[in-house]
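Trainee: Could we go through this model together, one question at a time?
Mentor: Gladly, here it is.

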Amino acid sequence: MNKPNQVSIDYLKEQAKKLRIHTCELVSQRGRGYVQQGLGASDIFSALFFSEMNIDPKFPDWENRDRLIVSTAHNSAVYHAALHERGYFDKKTLDTYCKDGSKLEINITERLGKPVEATCGSLGQGLSVAVGICLSAIRNNKPFNTYVVLGDGELQEGQVWEAAIYASNMKISNLCMIIDFNELQVEGKSENAIEHFNLFERWNSHNWNTIEIDGNNMNEIIDAFETFKKEDQRPTVIIAKTLPGKGVSFLEGIYSHQMFFSRKASQYAVEELMNGK
Amino acid sequence: MENEQFDIQKELEVLGDFTTISSVPQPVPYVYGQTLVKLMKKDHRIVSLCADVQWPTENDYIKKHFPDRYYQMGIAEANMMGVASGMAKTGDIVFAHTFSAFTNRRALDQIAMQIAYPKAKVIILGFLPGIATNLGVSHQAIEDIACFRSLPNMNIFEPYHETQLLPVIEMALNSSNPSYIRMKKFDKMYTDIDKTIQIGKPQILKEGSELAIFACGMTVDIALEAASEINKKYNHKLSVVNVFCLKPIDEISFAEIINKHKHIISIENHNVIGGLGSILSDIIATKGLNAQLTKLGVQDTFAEGAETDYLFKKYEISSEAIIKIYNNLKKKL
């Protein structure tokens, strides 16, 4: 009902571009932050906010809204940008991002109110909360879906696997987890820190509806969400391979967790994004 | 266009090496890193474990010097504490690194059962003490001291000055108990070390009358600043006491200082429940002392992400707050 009607892939790409531009500007205002992760996840957030999720910015706490938990709470620039572009708050509010006293903190917080469903930032906790929301939705015949975004680094936390086993045991098919597989953690590229072996097989063996996609390809993202909605037995995990810095040639493939990012660098980035497709 | 590209590259280079370093733009003095490396050179049993916070905990320096004795544990604190215990039980001395908030919040059970109870030779380093981080509530440690105080066998240290870092680590190494060191990165390498401090004992930095300010870690400088302001303005010398060791506590030494004053102010970068203020109120109550105590610190509330100056002001962890209390007390003193 509150979902944009059948939007085009081009429209979603256009929205993703806006999120990228905001991300660059927001991070550069502060001089440092999660620009790489934001650029990498812009396509996923565009698809979630402008196509997939049934939400109403006028009523952020509408009881049948689809829920989104961003367990990677530090990916806050792109998330807050998406809230702004979707109409939750104005540009003036967006520009308070990370300023003293602002509710738009560098780690997304419930101080902001809905649609923030949980305060994460301490990694590995979001999936458990999402599982709880799904169980309650089933118990109370609530029609909404719950989405949770985890980073691949978070999978190192044991709690994720406790939740993983539990979720498939409870057959909660109203749960869709997106692993923002950017291979980026504090110490750099995850293969140099802790490597993930056979991620697809691991989730599959836990009896999850496991889908692997290019997380920067809008068609694949939308198709994956369609596959999720057809599933009626198992929770779904979309392993979405994303590229840090996606969309800006001189930032792509730089595995930097909390990068220093000047206004000048941002200007070049925004210019390239504006001129790009 | 090519010139423009070149400019971008230059701009990026100035900002730091993106491909390998994520958090450190300029060379840092590695006060802690150098100290641990020095100790590792002396004692081959020392190893360093780190839960994916290499740069914020200066473990890049340790990894550079001892790549074989550095273990990247991933974002997995509970596992790290268990592994630390296992290594310690097999003859190693383990320094385990994460942020303060993730010690007691993520791994208290593992620390209790595998480190505190068996007295494993593990030294836990918690960086980002208290609310002194803009990363917000998830990263702000406001109850770590309270948790570790109530855990038997644990030592708790919070060095306030770089000259106390090595002595504190040596106290931890020489103790038969495991230790938790609450760390703020120091920005200047020490040339001298403070040989006066003793485990369990408070350190008197200024001796005055009527009113004593007890502080630990980042609040010590705040207390000193307030005392010097008050001395300047009212010609009244206050005592300032640094509690760099929050456990064990030599109650007699504390009681001696408290007894010389009518009023005590505690100021801490921690919840006022369970931390420094509670240590003092325990002593005042159980020893039947006469002093009245005012506790400054986080007043049993969660904070938020913002710059430290802003947060310390907002939550009244400041010299202004001390001076305000002094002014209210002046009539009584």
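Mentor: A word on terms first: two residues are in contact if their C-beta atoms, placed from the backbone, lie within 7 Å. Keep in mind that this is a predicted model.

Trainee: How many residues of domain 2 of chain B are in contact with domain 1 of chain B?
Mentor: Chain B is divided into domain 1 (2-183) and domain 2 (203-329), and 27 Å separate their centres, taken over C-alpha atoms. On the domain 1 side, α6 (144-149) and β5 (155-157) of chain B each give two or more residues. By class that side has 14 nonpolar, six polar and four charged residues. In this contact, 24 residues of domain 1 meet, from domain 2, 26 residues.

Trainee: Which element gives the largest share of the side of chain B that touches chain A?
Mentor: The contact takes 33 residues from chain B and 36 residues from chain A. On the chain B side, α1 (2-15), α4 (77-89) and α5 (101-116) each supply at least two residues. By class, that side has 14 nonpolar, 14 polar and five charged residues. The largest share, four residues, comes from α1(B).

Key: Residues are numbered from 1 along each chain as its sequence is written. Chains are lettered from A and ligands numbered from 1 in the order in which they are written. This is a predicted model: local features need pLDDT of at least 70, side-chain atom pairs count only at pLDDT 80 or more; totals for chains, interfaces and linings use all residues. Ala, Val, Leu, Ile, Met, Phe, Trp, Tyr, Cys and Pro count as nonpolar, Asp, Glu, Lys and Arg as charged, and the others, Gly among them, as polar. Domain bounds come from an automatic or database domain assignment.
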